[in-house]
Amino acid sequence: MGLEGRFERPIHWSVQLTELEQRVAREIESRAHDLLEDLRLHVSIPTGGNNQQAIEETRERFGIRLQELGAKTHMVPGDAKPEWLQGDQHDYYTPPTVVSERLCGATENRVLIAGHLDTVHDPEGDFQDLSIAPDGKTAVGPGCVDMKGGLVIAVAALEALEACGVAANWTFTMNADEETGTYHSEQALIDEARKHDYGIALEPALPGGELAIERVGSGQFMIEVEGRSAHVGRAFTEGVSAVVRLAECIQASAQFPEPERGKILNIGPIKGGVATNAVPDSAFAWGNVRFADQAIADELAVQLDALQTAPDAMPRVRVHRSFNRPAKPQIPETERLALSARAVAEALGQTLPFAKTGGVCDGNVLQNAGLPTIDTLGVRGGGLHTKDEWIDLTSLVERCQLLAILIARLSAGGSAAL
Ligand SMILES: [Zn+2]
């Protein structure tokens, strides 16, 4: 059955804005210029490439504003990432997760707002600033939708609620490793998810402005082969090629994907050998899997593990894997949350279609920890992870209004709210 048929009414209710909600919406509209300037500022702070200085500056700028709203803030140190995932980086910065929490006794529910500070863009590349199109409707810039725009509107939404005297219980988490798999911050997010009633992640809307209500899961793996080196000319037959064995493993794993079932496996990059005249004694392949549900994740895990050999085999094959982003299936609690967001959008004169996506995000982690989460409540745009990343600038005000009123309604619980 379709989403619409299954639930007759969202959690809340009013298809019209209350007077106070209308005030909040007007307050945000009056801040349109500030939203754009804040976006310009944050896009120009290059938080890609695990750039510590920029990540710290961004965290500080947003953190101060949340503290001014009365939030208590603490940092959760980052956990270690599995060695095999780190490649050759040794002086790797392990970013902490900042948790800013504002409790106000007057309301019933706690809303967790999750944002990530990092982008995928090279901090030293030529894609650095926000550049606005001549018609003023769109702009391009690194991280403008993924997710500087989302962070900017979320902080502004909370400020507008405060300015209008609307009480809300919220916690805002900001990690800085979402784009690289949330290895350092996963436990911090899980711990917060368990203390909250509703989750909101600030990923950009899907291309048509849709809310993602279902996501696949994702994982990383590495196939490591150990062979025996030998001089190609003098002792070729004594060698055991790790590269040849790796190639066999790659061929075997190329049979695993069944995209029509939501079972995907990709291999690359690969690495092996040091010189053409030496039989290679080591070879590596890194890869990514996507899965529609846990059963498919388990299937992939079994198939990958079956590539392994006994520890004393020659060549020896080992598989390292970390399927750390569980699938985010459509569940009734999240559907209700999505319908509540739609009710707010419609009260604001907006539309909010629903869709599925093959992308993954921290919403997967939060929902898997038991927190109903909608994770595409950031701004609208496209070209994510490319130099064409763009934002629909009208979405700054619209999505900020949607967020603010949704947070207020969720926080107020079922008790008629504002
Ligand atoms: Zn993102």
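Modeller: Gladly. Two residues are in contact if their C-beta atoms, placed from the backbone, lie within 7 Å. Keep in mind that this is a predicted model.

Biologist: With that cut-off, which residues is Ala 157 in contact with, leaving aside its neighbours within four places in sequence?

Modeller: Cys 400, Leu 403, Ala 404 and Ile 407 are its contacts. Ala 157, Ala 404 and Ile 407 are also, with Ala 341, the residues with the most contacts inside the largest nonpolar core, which has 93 residues. Helix H5 (residues 144-163) gives the most to this core, 13 residues.

Biologist: Why do you say that this core lies between domain 1 and domain 2?

Modeller: Because domain 1 (3-216 + 328-412) and domain 2 (218-325) both give residues to the core, it lies between them. Another core, of eight residues, lies apart from it and includes Leu 246 and Val 317.

Biologist: What makes strands S9 and S11 a pair?

Modeller: Pairing takes at least two bridges. Strand S9 (residues 217-226) has 10 bridges to S11 (residues 282-291), so by that definition they pair, and they run antiparallel. Gly 219 stands opposite Val 289 in S11. Strand S10 (residues 263-272) is joined to S11 by eight bridges, also antiparallel, with Asn 266 partnering Asn 288.

Biologist: How confident is the predictor, as a mean pLDDT of the chain?

Modeller: The mean is 92, and 94% of the residues reach 70 or more. Over residues 1-10, however, pLDDT is below 50, and over residues 414-418 it stays under 50.

Notes: Residues numbered from 1 in each chain as written. Predicted model: local features only at pLDDT ≥ 70, side-chain atom pairs only at ≥ 80, totals over all residues. Core = buried A, V, L, I, M, F, W, Y, C linked by C-beta atoms within 7 Å. Buried ≥ 20, exposed ≤ 12 C-beta atoms within 10 Å, placed from the backbone. Helix = DSSP H or I, 4+ residues; strand = E, 2+ residues; numbered from the N terminus. Domains from an automatic or database assignment. pLDDT = per-residue confidence, 0-100.
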